[in-house]
Amino acid sequence: MRVTCVVNGETRQADDVWPGESLLYVLRERLGLPGAKNACEQGECGSCTVYLDGLPVCACLVAAGQADGRTVTTVEGLGSGEEQLDRVQQAFLATGAVQCGFCTPGLIVAVHDLLARDPAPTDPDIREALAGNLCRCTGYEKIMEAVRLAAAS
Amino acid sequence: MTTLTREPTTVAGGVGTNAPRPDGILKVSGEFAYSSDLWADEMLWGATVRSPHPSAEIRAVDITGALAVPGVYAVLTAADVPGAKHYGLEVVDQPVLAAGEVRYEGEPVALVAADHPETARRAAARIKVEYAVRAPVTDPEEALSRGDLVRHVPVHRFAAAGGEALTADVVVTGTYEVGMQDQAFLGPESGLAVPAEDGGIDLFVATQWLHVDQKQVAACLGLAPEQVRLRLAGVGGAFGAREDLSMQVHASLLALHTGKPVKMVYGREESFFGHVHRHPARLEYEHGADRSGKLVYVKARIVLDGGAYTSSTPAVVANAATLGVGPYDVPTVVVDAYGVYTNNPPCGAMRGFGAVQACFAYESQMDKLAAAVGLHPVELRRRNAMTTGSVMPTGQIVSGPAPVDELLALVRDRPLPAPAAGDPRERPGGVANTTRGEGVVRGVGYAIGIKNVCFSEGFDDFSTARVRLSVLGGEPAVLVHTAAAEVGQGLVTVQAQIARTELGVSQVTVATADTSVGSAGSSSASRQTYMTGGAVRAACQAVRATVLARTGRSDALSLVDGKVVASDGSVVTSLVELLREGDVEETVQWRHKPTMPLDPVTGQGDAHVQYAFAAHRAVVDVDTELGLVRVVEIATAQDVGKAVNPQAVVGQIQGGTAQGLGLAVMEEIQVVDGVIRNPSFTDYLIPTILDMPPMEVDVLERGDPDAPYGLRGVGEPPTISSTPAVVAAIRAATGLALTRVPVRPDHIALAP
């Protein structure tokens, strides 16, 4: 089948999509956008978090066909390249919240969404909002710092 | 000969600074290419058929159903492996593809390559393997009695000659168990194999040690090592799980067979079968002390379940044995550690590597002893704390700083966190809103651990660095090239920092690791900053000597901001000037001081290079009715010798502590009759941001004179003592014995 959607502001089309494919597969393998990561395939780890019509979703749980005609924003679409990173991306770098980085794209989208909804979250708010994003490297302390810094900037 | 008399001063972006990660921008913008992100024209996807049985004879394999699936390019079995049929890190015993029998659930039996990953999976499901199922051996004690021994390491040391009877005024005993933990890196096993024109293979993979992969892959493919070229793809965490091979040989076989690039990417479920795990252990301890709490002897018997194949079990057993009494002065030690073969999942390297299991047991014992002699747990530990000059149970003298006493005092003296506020999210059970505070008890626990850094027991441990100094765009520039695996820990940052400090050049590029330069050894054993850092420093020093020799001067010169500076501070010339004759490149192989094998009977010998120490204090709130635990805060102190990148050091300490907390209260691969019951992130729980508390970190810098910049390996120690500290805090809250990790709610709520 054919799937057409607006991805990072651009209309994109994927042909010969097998109906069992996820939005994540289409983004990564058919549209050349591997930023969203596949780490669990069942919506537990949040590494594949992207915006679908403005709401954060696990792209591994969205069937490709469900994205047809809709708008997707991935981590690649948040900043405008190396020159201009989003404040969340900058904060992750400044605080050392990136180690292996596999969880980072999903977390950045999740934090971006949190700060859009709540510009000054408390620590319990941050923890609750990011409970669906697993990180195995950092122990989350520097991610907390990153969110606080991004909120303050 | 030109000599440098001045110590390198702090250079912008150099050693001791929080230099940013060179891969950071790529990682936050989604552009960093992990091993699962690779793509090539006409690429095929590989899939693996795995045994559903922990033990079975293979009677027949029928691949015709898979071959008939449109889009399938190859179906391979053991008969198609052209070279060595087995591989292994220490012992070559693991089949590339099973032939005749399978010895654990998930053992690879056949491979498929197809034009779509789903096609490959469906074709794999059509391969018919006829098994004659056998009863698996799953009890390590039974394995031991059958003689299925991987290794026995005795460490026996007696205060008096002749081996006196073990007696003391105060004796405490205990038997402890550690469940099977998974490394649970987020980036599953994956890579791309590309067939080359010379009949060889170019392999892009996430691994911890390119050269040990190269050696094993080449042997199995029947190729010369130089025909198997590995390049490190982006690594999504490792923690030991990438030390053994996973898809490397399989993807290469499929690529050579089809003549097309083949990508293999494990899903999360397959990943649980695709790598080794932390050894489950049973540990019996007896501690004898005088009435003041001074240790007289420790006797221990440790059994580690190595599962179906050897992997790194021999070295894990040695660690458990040699580090088995902890960072304490113990006059008499009788430790016997055993690793056994069973039909359980293979176990091998995971952060902490044998020291984790032992630490849970000996620290539990120290708490028990403190209670028996009526001392605070920290006071008991301080009375027995080893110091510089202490003698290990192996007879090895601890030559470097050993601030055990100071680390314990640091965590003890941290202010305690405030009582829980009213927010239900800060109570055990969290948003599930299972308590309003009734039945909730707070507890505080302490622990300290010891870890060896670098490879031990006489292993020829080295790293190789190639450093090139040239002029780029009118400015001096350095290219650092090693085969050391950046797995997330920040080694790429550290290599650049060292080059900036040694050569006084700000523009440093670290080339992607590959096998075109000599081996760096593994990114394991907390060794890479020590070893590859040491190699990069040595190569930079060789480059500096060569380039300074071009001045023709014999006085002391140093390199500062691209200038050559004399000892009086005057500028002699510039690097750009000196490099007009051409670039300078040096390749250096660097070794730490040699170690010795352990005596096979007594376990005596200077087997380790360096010891590292970390202490933890955990504060927990326990809902004693439901058995739910909330870790409120963790304070930790660690001696890192020299914090080459303080921000990265703290990140390692916090991340390692989190993995220790996971083992304490959450993480266990549930194995029943050799079968994994929870191979998913829905059922194997790693700490989320809700499970992790704030962490207070003290970093000590007590330089080790034998190590580059005085540094001490950082990665593993925080994982080791975090587990027993959390459990000690739960014991303090509940009064329960809690002899097994992870502690489950039923251990608390349903305790007799």
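Predicted model: local features only at pLDDT ≥ 70, side-chain atom pairs only at ≥ 80, totals over all residues.

Trainee: Okay. What is the handedness of the crossing of α5(B) and α6(B)?

Mentor: Right-handed, for that pair of α5(B) and α6(B). Helix α5 covers residues 210-221 of chain B, and helix α6 covers residues 248-258 of chain B. Their axes come within 10 Å and cross at roughly 45°. That angle makes α5(B) oblique to α6(B).

Trainee: Which residues make the contact?

Mentor: From α5(B), take D213(B), V217(B), C220(B) and L221(B). From α6(B), take Q248(B), V249(B), S252(B) and L256(B).

Trainee: How do they divide into nonpolar, polar and charged?

Mentor: The contact of α5(B) with α6(B) has 5 nonpolar residues, 2 polar and 1 charged.

Trainee: Stepping back, how many helices and strands does chain B come to?

Mentor: Chain B has 17 helices and 31 strands. Its radius of gyration is 27 Å, close to the 27 Å that the globule rule gives for 752 residues, so chain B is as compact as a globular protein of that length. Along the principal axes, the C-alpha atoms of chain B fill a box of roughly 80 × 75 × 60 Å.

Trainee: New topic: chain A. What is the strand order in its open sheet of 5 strands?

Mentor: The order is β2-β1-β5-β3-β4 in chain A, and the pairing is mixed.

Trainee: Which strands stand at the edges?

Mentor: β2 (10-14) and β4 (55-58) of chain A. Each has a single partner strand, so one side of each is left without a neighbour in the sheet. From one strand to the next, the twist averages 40°.

Trainee: In what sense do β3 and β4(A) pair?

Mentor: Antiparallel, over 4 bridges, with β3 spanning residues 49-52 of chain A. T49(A) stands opposite C58(A) in β4(A). Helix α3 (residues 104-117) of chain A packs on the sheet and touches β3 and β4 of chain A. The direction of α3 makes about 45° with that of β3(A).

Trainee: Last one. How many residues does the contact take from chain A and from chain B?

Mentor: 45 residues from chain A and 49 from chain B. On the chain A side, α2 (87-95), α3, α4 (123-129) and α5 (141-152) are the elements that give two or more residues. That side divides into 22 nonpolar, 14 polar and 9 charged residues.

Definitions and conventions:
Residues numbered from 1 in each chain as written. Chains lettered and ligands numbered in written order. Axes fitted to C-alpha atoms, helices over the stretch in contact; angles between N-to-C directions. Parallel < 35°, antiparallel > 145°, perpendicular 65-115°, else oblique. Left-handed = near helix turned anticlockwise from the far one by under 90°. Contact = placed C-beta atoms within 7 Å. Nonpolar A, V, L, I, M, F, W, Y, C, P; charged D, E, K, R; others polar. Pairing = 2+ DSSP bridges. Rg over C-alpha atoms; globule rule 2.2 N^0.38 Å.
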